[in-house]
Amino acid sequence: MHRTVAGLAAAGPGWRRLRIAPVPGGDLTWAKAAHETPYGRAEAGWRIEGGTLVVEALIPPNTRAEVQLPDGSDPLEIGSGRHTFRCPYTAPAWPPTAIRHP
């Protein structure tokens with residue numbers, strides 16, 4: 001859940017590089033995850049505010065992260081610190097039509 005829904009994952013050995021790529025959907029309106037890395041605490045989370053997706057990340061010292069927002073924009077490369085990103089968001093139909101149950 002922390003990798004997919006909240007979007008927090010290691011992108012390199014020992015969590016020196018992180019990947020922040022949240023996947024909002026369904027009835028969820030927010031998600032947050034944290035992990036204690038060898039460099040310090042890493043956090044990723046998101047919330048929906050009206051038609052805006054707000055993504056927040058805490059990147060530990062001496063690490064970097066790639067941020068991929070679900071709006072289709074190019075990935076962003078960020079350094080350590082606390083970061084906030086905003087992008088337009090419209091909830092997709094749920095359940096997705098690609099999921100079929102017998």
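This is a predicted model: local features need pLDDT of at least 70, side-chain atom pairs count only at pLDDT 80 or more; totals for chains, interfaces and linings use all residues.
Local features were taken at pLDDT of at least 70 and side-chain atom pairs only at pLDDT 80 or more, whereas totals for chains, interfaces and linings use all residues. Residues are numbered from 1 along each chain as its sequence is written, and side-chain values rest on heavy atoms, with hydrogens and water left out.

The protein holds one helix and eight strands, read as DSSP runs numbered from the N terminus (helices: H or I, at least four residues; strands: E, at least two). From the N terminus on, the order is α-β-β-β-β-β-β-β-β. Along the principal axes, the C-alpha atoms fill a box of roughly 45 × 30 × 20 Å.

Strand 3 (residues 30–37) pairs with strand 4 (residues 40–49) in the antiparallel sense over eight bridges; pairing here calls for at least two DSSP bridges between two strands. A hairpin with two residues links strand 3 to strand 4, and Lys32 sits opposite Gly45 in strand 4. Strand 4 also runs antiparallel to strand 5 (residues 52–59), joined by seven bridges, with Trp46 opposite Val55 in strand 5. The hairpin of strand 4 and strand 5 likewise has two residues between the strands, and Gly50 there takes a positive phi near 65 degrees.

Most residues other than glycine have a negative phi. Trp15, though not a glycine, has a positive phi of about 65 degrees, and so does Asn62, again not a glycine, at about 65 degrees. Trp15 is found in the loop between strand 1 (8–10) and strand 2 (17–20), while Asn62 lies in the loop between strand 5 and strand 6 (64–67). Their surroundings can be told apart by accessible area, with buried meaning under 20% relative accessible area, exposed over 50%, and partly exposed in between (1.4 Å probe, protein chains only). Trp15 is buried, at 14%, whereas Asn62 is exposed, at 57%. Across the protein, 36% of the 102 residues count as buried.
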